[in-house]
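Have the sequence and the structure open while reading.

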Amino acid sequence: MLSGFAVASGYGVGVFFVWLWHYLQFSDPSEKIQQMSKRITSVCVAVVTIGFLWRATVWQNSIRELMEMEPLESADPWRIAAIAICLGVMLIVAARIFGWSCHQVGEKLSLILPKRLSYILSTVVVGTLFLLVANDVFAKFAMRLADATFLRMDKAIEDNIRQPTDTLFSGSPDSLIPWESIGRQGHHFIANGPTQKQISEFTNTKAAVPLRIYVGLRSRETLQERAQLALAELQRVGAFDRSLLVVATPTGTGWLDPIAVDTL
């Protein structure tokens, strides 16, 4: 998606310089020079694009190696390119529709207002309308689509993660939070953290059992009910007797950065 914004931005920069050239009233280059410059530009863009997509996996794995993570077989360069091109084209089309709309409204306003003022007002009016449509239509649709997608992923229970039996763990038989309601990322958060033994070996002191409380979106209907459930679970396991308590809000998928939590 970032590459798609880059595609649209690069196109916009090119359009701006063409407009600036005409605004300064320079004469257009000959047809032969224009064709040659377009071919050279296309070749350069193609070489850079293919080169960067080809190196994407190498660059990703160089970061993963530093983070002591398993290397990727592929960074999905074709998917990156497809998403970038589709989004870039959509943004360019939207920008052209916006410009055409401003021009049309400006032409109508210029019949009763000075031309410069009419174009300023048309940009403000059309921009406001586009913003309202984007917020009320496209943004809400995108949020609903993302929520539905993540909800399906969240319901998946992976075979290699078992329900905890220790009474201090969320999702255990004694827990106030049902294991099935915690969600996929919540299961990872609870099951994959450092154990009491690992912490003791690292610190050379006897460590307490680490407490990990996780309330998923499906654990209760409302935000207030989920907060009350989290508080009740914290009280049940004696979390307020510990010297350190961290309250964290996960991302939209339910993910919490394990590196940040585990090191703490």
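## Terms and model

A residue is called buried when its relative accessible area is under 20%, exposed when it is over 50%, and partly exposed in between, with a 1.4 Å probe and protein chains only. Helices are DSSP runs (H or I, at least four residues), as strands are (E, at least two), and they are numbered from the N terminus.

The model is predicted, and local features need pLDDT of at least 70, side-chain atom pairs count only at pLDDT 80 or more, and totals for chains, interfaces and linings use all residues. Residues are numbered from 1 along each chain as its sequence is written, and side-chain values use heavy atoms, with hydrogens and water left out.

L145 lies in helix α4. Its relative accessibility is 49%, so L145 counts as partly exposed. Between L145 and G99 there are 46 residues in sequence and 29 Å in space, C-alpha to C-alpha.

V43 belongs to helix α2, residues 31-66. Is V43 buried or exposed? V43 counts as exposed because its relative accessibility is 52%. V43 and I120 are 77 residues apart along the chain, and 38 Å separates their C-alpha atoms.

L87 is part of helix α3. With 15% relative accessibility, L87 counts as buried. L87 and F5 are 82 residues apart in sequence, with 7.3 Å between their C-alpha atoms. Contact means heavy atoms within 4.5 Å. Apart from neighbours within four places in sequence, L87 is in contact with M1, G4 and F5.

## How the helices pack

Two packed helices are described by the angle between their axes and the distance between the axes. Axes are lines fitted to C-alpha atoms, for helices over the stretch in contact, and angles run from 0 to 180 degrees between N-to-C directions. Angles under 35 degrees count as roughly parallel, over 145 as roughly antiparallel, 65 to 115 as roughly perpendicular, and the rest as oblique. A crossing is right-handed if the near helix is turned clockwise from the far one by less than a right angle, and left-handed if anticlockwise.

Helix α1 (residues 2-23) packs against α3 at an angle of about 45 degrees, and their axes are 7 Å apart. α1 is therefore oblique to α3. The crossing of α1 past α3 is right-handed. On the α1 side the contact is made by S3, G4, F5, V7, A8 and Y11. On the α3 side it is made by I80, A84, L87, G88, L91, I92 and R96.

Helix α3 (residues 77-109) also packs with helix α4 (residues 115-154), at an angle of about 135 degrees and with axes 8 Å apart. This angle makes α3 oblique to α4. α3 passes α4 in a right-handed crossing. Residues in this contact include A94, I97 and F98 of α3 and S118, Y119 and L121 of α4.

## The largest nonpolar core

A nonpolar core is a set of buried Ala, Val, Leu, Ile, Met, Phe, Trp, Tyr and Cys residues joined through side-chain atoms within 4.5 Å. The largest one has 13 residues, and those touching the most other members are I177, W179, I182, F189, I190, I213 and Y214. Two or more residues of this core come from each of α5 (179-182), α6 (184-191) and α8 (223-236).

Which residues does W179 touch, not counting residues up to four places away in sequence? They are I161, R162, Q163, P164, S170, G171, H187 and I190.

## Cysteines

How many disulfides (pairs of cysteine sulfur atoms within 2.5 Å) does a search of the whole structure find? The search finds 0. C44 counts as partly exposed at 45% relative accessibility, and C86 counts as partly exposed at 49%.

Note on methods. Disulfide = S-S within 2.5 Å.
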